[in-house]
Amino acid sequence: MSRRLGWHLLTALVLVGALNCSAGAQHGQDPVPPASTAPSSGANPTEQAVTEQQLFQEMRKLEGRITIPDYKAALLEQPQGRSYQFFHERLLPWLMGGLIVAMIAGLALFFLVRGRILTEAPDSGIKIRRFNVLERATHWMTATCFIVLALSGINYVFGKRLLFPLIGPDAFAALSQWSKFAHTAMAWPFMLGLLIMAALWMRGNLPDRHDWRWLREFGGFTSGTHPPAGRFNAGQKLIFWSVVIFGLVLSASGIIMLFPFWTLDINGMQWAQYGHASAAAILIAVIVAHIYIGTLGMAGAYDAMGRGEVDLTWAREHHSLWADEEEHRIRGRTDLAGTAGTPAE
Amino acid sequence: MPVILASIALAVVLAIVSGLGLFSMQRPVYQSQPMQSVRVGDPGHNLVGPNWSGNPSQPQNSERALNATSREPG
Amino acid sequence: MARVKFLCDADRCIECNACVTACKNEHDVPWGINRRRVVTLNDGKPGERSVSMACMHCTEAPCAAVCPVDCFYTTADGIVLHSKDLCIGCGYCFYACPFGAPQYPRAGNYGSRGKMDKCTYCAGGPEQDSTEVEYGKYGRNRLDEGKLPLCAEMCSTKSLLAGDGEIIARIYKERVMKRGYGSGAWGWKTAYRENIST
């Protein structure tokens, strides 16, 4: 019995001694503690998580991973939304309103100073064809679309400021809803007409050697005499190229916006809006001038597109080179009938 | 004048046609953003029985309901 | 009156999506619309953080500013709500929103994206409070019953906090001090133009 007790006591002593040895690290001879209780290198990975400010320095917008298939929802934060707000609410109304009002004021001033541009010689009564049926139909189709597009577009910018207080929220919302449909629907015949017009008139609107003189003399405003011009003078060429270039910008940005996020992300879509609105502001101002000169600004101009024929005197004064060509062509054709004369060109 | 009126009419007709075309192209978001996992609205491919209409208040066929409980829900 | 806000403590969020499920269920949100979503940053890497994001109900909300039919309004509590009757579905609010909160039921062409839908802070809409009509359009109105948004109530780790802005800011500050770190109140600088100093 005492031997067993002795063995028990010895085991107990050994165990207590072993426990004492492993318990404290404060004794100099103790073994190195296991790695899990060792003090770490000081880097706590959870403390080093990314912060919002840090991410903004690295990326323009914050995105992550999500569990839903709508990839737009992976966006966490895009501060560019505030820039969009600035453009849409502060910059654009001034840009668009400023350009249009400035153009109207400029035209009014021009009309007061110069008055309606009349032909100096009286009408000859002889009509020559200026635009054929295809040209006129395309122009008027595109023009109708442009008017609707411009008005519905202006409603997006100024509607809630100008129209909403007049007709109240329900009527304004219904009107805006239908103007939105009109805008997206009329865009397609506009784009079609734009392409046809560009194809029909591109050759006639290429710059030639008479354009610089025409521009310098501002069409005869500064010199007092009519500078020569072909079928389209330099002023008309400016209109044509404005319509083509800004029209293409509008079409491209418009199609991008018609199919949102099909090709671009949120920042790209915002830029599509900026381009579309800016091009629209410029083009509306240009077209206001175009409408002015084609109706009130110049006598005899409306007939060109409205009826397709212009008076020969008008043609000789404003488009002298083109009138010469047309006269030669007509005379040449009648010459073929039998009598001698200047040959067709 | 007839040319102008015809052009306006043509613009309106083309606009209506393109508007209808665009409208028919449109899809609800749950169709245009497809996901590979199960869809409750697809009859026959889901896990709650082929007659599931998506409307939880409609009474189910009780036998099918009993059979359905033996399977793991999605 | 208290100015209510959301605060998602990214260090506690475990991406369980209980907030997403609670919101979808409570308001009968149609398929495809995601009023609330959980975005995970640095997925799988050290320092992975998840943030639950929905409408933050910003001060001077950009969505309200750019709406061409002015269908938004801000309540006395600071909640940004809108009227689906006036909404024309143009999408400008989505471009302006820094958090991508507005959702539209139809994708594809801009012409008819449907009425915009977004988190309402469980406060319904301009219809009369707690009616069937309001529920059908905007979802449950919990605030009218004196309750807080369900997403924050259902959060399994209490990482998503909703309520009086000052109270939740204080709660977050206490947490940060207790544990010694915090990745910040995500979105507060952009939405409310204030930082929580920790």
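Is Gly115(A) buried or exposed, going by its C-beta neighbours inside 10 Å? Gly115(A) counts as exposed, because it has 9 C-beta neighbours inside 10 Å. (Buried takes 20 or more other C-beta atoms within 10 Å of a residue's own, exposed 12 or fewer, and partly exposed lies in between; C-beta atoms are placed from the backbone.)

## Before you start

This is a predicted model, where local features need pLDDT of at least 70, side-chain atom pairs count only at pLDDT 80 or more, and totals for chains, interfaces and linings use all residues. Residues are numbered from 1 along each chain as its sequence is written, while chains are lettered from A and ligands numbered from 1 in the order in which they are written.

## Two spots in chain A

Back to Gly115(A): look for this residue in the loop between helix H3 (80-114) and strand S3 (127-129) of chain A. (Helices, H or I with at least four residues, and strands, E with at least two, are DSSP runs numbered from the N terminus.) Gly297(A) is 182 residues away along the chain, yet the two C-alpha atoms are separated by 7.6 Å.

Asp208(A) sits in another loop, between H5 and helix H6 (211-216) of chain A. Asp208(A) counts as partly exposed, because it has 15 C-beta neighbours inside 10 Å. From Asp208(A) to Glu309(A) is 101 residues in sequence and 24 Å in space, C-alpha to C-alpha.

## A helix with a bend

H5(A) has 33 residues, so at 1.5 Å a residue it should span 48 Å; its end C-alpha atoms are 45 Å apart, which agrees. (The expected span is 1.5 Å times one less than the number of residues.) At Ala187(A), H5(A) bends by about 30°, and a proline, Pro189(A), follows within four residues. (The bend is the angle between axes fitted to the seven residues ending at a residue and the seven starting there.)

## Where the chains meet

Chain C puts 43 residues in contact with 48 residues of chain A. (In contact means that the C-beta atoms, placed from the backbone, lie within 7 Å.) On the chain C side, two or more residues each come from strand S2 (37-41), strand S3 (49-53), helix H2 (62-66) and helix H3 (92-96). S2(C) gives the largest share, five residues. That side of chain C divides into 23 nonpolar, 14 polar and six charged residues. (Ala, Val, Leu, Ile, Met, Phe, Trp, Tyr, Cys and Pro count as nonpolar, Asp, Glu, Lys and Arg as charged, and the others, Gly among them, as polar.)

Between chains A and B, 16 residues of chain A are in contact with 17 residues of chain B. Helix H4 (133-167) and helix H5 (169-201) of chain A each supply at least two residues on the chain A side. This side divides into twelve nonpolar, two polar and two charged residues.

## Nonpolar cores

The largest nonpolar core has 77 residues, and those with the most contacts inside it include Val51(C), Cys63(C) and Ala96(C). (Such a core is a set of buried Ala, Val, Leu, Ile, Met, Phe, Trp, Tyr and Cys residues joined through C-beta atoms within 7 Å.) H3(C) gives the most to this core, five residues. A second, separate core of 18 residues includes Met191(A), Leu194(A), Ala11(B) and Ala15(B).

## Chain B and its confidence

Chain B has three helices and one strand, running α-β-α-α from the N terminus on. Its mean pLDDT is 68, and 43% of its residues reach 70 or more. Where pLDDT is low, the predicted coordinates should not be read in detail.

Note on methods. Contact = placed C-beta atoms within 7 Å. pLDDT = per-residue confidence, 0-100.
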